[in-house]
2 protein chains.
Amino acid sequence: MKAEIFSIGTELLMGELTDTNGSWIAAQLPALGIQLQWVTIVGDNLDMISEAFTRGMARSDLMFTTGGLGPTQDDLTREAVAKAFGETPVVQPEVVERLERYFEGRGMAMPAHNIKQAHLIPSAEFIPNPNGTAPGWWTERDGKIIVSMPGPPGEMHPMWENQVAPRLREIVDDEVTVTRNVKTLGMSEAAIDEVMDEYFGQENPYLGIYSKADGIHLRIIARAASEGEARSMIQPVEAAIEERLGEYIWGYDDETPEQSVGQALLGKGLTMATMETCTGGFLANSITESPQAFRYFRGGVVAFSPQQAMENGVPAGVVEQHGLASEKAAAAMASAARERLDADYGIGIAGVSSPDGENGHPAGQIFIAIAGPDGVKELAMRVPPRRITIKRRGSNTALTELRKLIASREESSSA
Amino acid sequence: MKAEIFSIGTELLMGELTDTNGSWIAAQLPALGIQLQWVTIVGDNLDMISEAFTRGMARSDLMFTTGGLGPTQDDLTREAVAKAFGETPVVQPEVVERLERYFEGRGMAMPAHNIKQAHLIPSAEFIPNPNGTAPGWWTERDGKIIVSMPGPPGEMHPMWENQVAPRLREIVDDEVTVTRNVKTLGMSEAAIDEVMDEYFGQENPYLGIYSKADGIHLRIIARAASEGEARSMIQPVEAAIEERLGEYIWGYDDETPEQSVGQALLGKGLTMATMETCTGGFLANSITESPQAFRYFRGGVVAFSPQQAMENGVPAGVVEQHGLASEKAAAAMASAARERLDADYGIGIAGVSSPDGENGHPAGQIFIAIAGPDGVKELAMRVPPRRITIKRRGSNTALTELRKLIASREESSSA
């Protein structure tokens, strides 16, 4: 099945916003057996959007659109789909009612403009949007399908996952692509390249290697008639990775470092706490991305002043003698976080918060300590002195190290 | 002058790589007076690339392409440009020599494939590429121009800045585009649409409205012969926005809520501290995005357990009587953050951390308090119960409210 994507919005042509919806949808299609042929970005102009849709109907079976479903005069996707199908939009009273209830629930009257979102053409049906006022449209006639979704990723992603993807799975019966992603930390890209040498360069299953903020990812991609067949092609490659890189693996597929740690803690009924300086809250914010975090995360401190660190149990002597940007501070922070909050593990991340360096250390110097039942594990690293790099690499390294620590403890206690 | 962009490469359609070249070039065009109409991503397929270029030649004066200039069989941009212009590529001996020298300098023989990069059609000339083996092509005939650049940003950006942009400046004597972005929070998109009704639908100056995580943005775009003229067209629209939405405006152009607050604090030599529950560190992490944060941010607490809140100055009575997910807790957290760290302002964000609701409140309920020299300001809000929405909206609202508080204090003290 041949598909194309249209991302709609003048703001995408002004260069102020990068279109991430296109590549997000693109990444979902291979596993569904859908072949993406084109991605087009078009502004909020009815003639141009209609031109794009009409061309799409001539060369593709399946078209995905994002954006242009809002209530304002700039939102023209519905009108353009109607034009491409040669049909006239008609207002749907039951949807007007639903919208009125939505606004009522927020203590407001429905603005008159929102009536736009209650229109439909005969070949279209609504795709419910529990996360906003703009429902999607699934428009289908004579073997051509246009799936129109809202632009905000927070509305588009759940609509895709809960409604669009399941429906596509029923329709598409082409070849299936299955991907398996293995995430490692601690071994260089070139070293992995050498160790896994004979698996690279094959077409199917294909093995790719990608350097990311949370380490090196290995991606196995297999195409076959069925999902089971594709998985059995992946299996030997995955087994080889596990055999040769086992101790460096910290996660699979979409797993994030914080999910990986969360799973490990939840499984054992353990808890953690944090204290951080140069990562500025990135660590705590990552941990609380998991909806179950309140079960294992006891709390975090972002110590941007020595006073804040001392208020939370870092000895004044450590701060005075070594400063906050020091190995000793990281260790004291990890222990203080653990002890003060009765947590099983405490993470301390200390480093240089000022872009000019601090305490004799250059920006980009990070000290990590993990306090646990068996004592304090310390490590130091140096990363390029960009703020987001310091935050990401410091936080991800601390979490994957904690994950490995919990796993190794498990092994030794079960041995 | 009407332009379009083609990003070429099958990897862009696999969703593993997001096309950033398109939006990068898009951002360069308004100041050059070039109007971008379309962005198209197309795979490494000669027929499809040629189809795209031929359509582009029919509707645009100026086409930019990135990618597909490498030495492999997959690199088809040159061939497609030749096809679109109906001309035949011929090898250029002096370029073969230059390529041979390039490889010699690296102690290698030139791979046979690289001869592709030494071909040219009569209407094209090379754009030198000091950062790689692939020269660009500037192809021009009968008022149509295709500018072909390599895909790697490290090669494309300097080629653009040093060679393409200067040449475009000589050619284009069209209008200049100036953009002004006004950021609001607290009024709905549709309500703003109503209030600003008569300004929408105009072509120049154009007014666009965009719903973002930090509120509703209004964007004014004006095209004129000079920058000054464009700014004077923007001025009355901006004045109308300020008059009608003044109290909801928290920032302009690229400003983020944290930058806006940071500027306000730095300008007055003031400091702040935070304590948060349901935003889980997002607030502290946002504040520390600014490289100067260490000058005004005294620290933050992510209180994921009552113990953590009490350790940091929230009275046990408040926690016992009202729980952490309460107005009273938010106020106590704001005051404790302010007092314990001797900060001028303390922000407290309390709310429901568990997805199942807490303390009689549903997920999505947020209480914000700001403690300052004039007492504690409190507000409550309810947002869709998605984790990232709770974090973003809670954090952005707290920051924009603090920004407005500092501004109003300024006014009253200077009055």
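Q: What does it take for two strands to pair?
A: Two strands pair if DSSP finds at least two bridges between them. This is a predicted model. In it, strand E3 (residues 62–66) of chain A pairs with strand E8 (residues 144–149) of chain A in the parallel sense, over five bridges. Within this pair, A:Phe64 stands opposite A:Val147 in E8(A).

Q: What is the strand order in the open sheet of 12 strands?
A: The order is E6(A)-E7(A)-E8(A)-E3(A)-E1(A)-E2(A)-E2(B)-E1(B)-E3(B)-E8(B)-E7(B)-E6(B), and the pairing is mixed. Strand E6 (124–127) of chain A and strand E6 (124–127) of chain B each have a single partner strand, so one side of each is left without a neighbour in the sheet. From one strand to the next, the twist averages 15°.

Q: Which strands does helix H6 (residues 153–171) of chain A lie across?
A: H6(A) lies across E3, E6, strand E7 (136–141) and E8 of chain A, and runs at about 140° to E8(A). A kink of about 50° in H6(A) is centred on A:Trp160.

Q: Which residues of H6(A) are buried?
A: As a general idea, an α-helix has 3.6 residues a turn, so residues three or four places apart point the same way. The buried residues in H6(A) are A:Glu155, A:Met156, A:Met159, A:Trp160, A:Val164 and A:Leu168. Their cover includes helix H2 (21–28), E3, E6, E7 and E8 of chain A.

Q: What span should helix H13 (residues 327–340) of chain A have?
A: At 1.5 Å a residue, the 14 residues of H13(A) should span 20 Å, and the end C-alpha atoms are 20 Å apart, which agrees. After H13(A) comes A:Asp342, with a positive phi near 50°.

Q: How many of the residues of H13(A) are buried?
A: A residue is buried if 20 or more other C-beta atoms lie within 10 Å of its own. In H13(A), 12 of the 14 residues are buried, and the helix is mostly covered. Among them are A:Lys328, A:Met333, A:Ser335, A:Arg338 and A:Arg340.

Q: Where is A:Thr256 found?
A: A:Thr256 is in the loop between strand E12 (249–252) and helix H9 (257–268) of chain A. It counts as partly exposed because it has 16 C-beta neighbours inside 10 Å. A:Thr256 and A:Asp142 are 114 residues apart in sequence, and their C-alpha atoms are 42 Å apart in space.

Q: What does the domain assignment of chain A give?
A: The assignment gives domain 1 (2–171), domain 2 (176–252) and domain 3 (257–414). The C-alpha centres of domain 1 and domain 2 of chain A lie 35 Å apart.

Notes:
Residues are numbered from 1 along each chain as its sequence is written. Chains are lettered from A and ligands numbered from 1 in the order in which they are written. This is a predicted model: local features need pLDDT of at least 70, side-chain atom pairs count only at pLDDT 80 or more; totals for chains, interfaces and linings use all residues. Helices (H or I, at least four residues) and strands (E, at least two) are DSSP runs, numbered from the N terminus. Axes are lines fitted to C-alpha atoms, for helices over the stretch in contact, and angles run from 0 to 180 degrees between N-to-C directions. Two residues are in contact if their C-beta atoms, placed from the backbone, lie within 7 Å. Domain bounds come from an automatic or database domain assignment. The bend at a residue is the angle between axes fitted to the seven residues ending there and the seven starting there. The expected span of a helix is 1.5 Å times one less than its number of residues.
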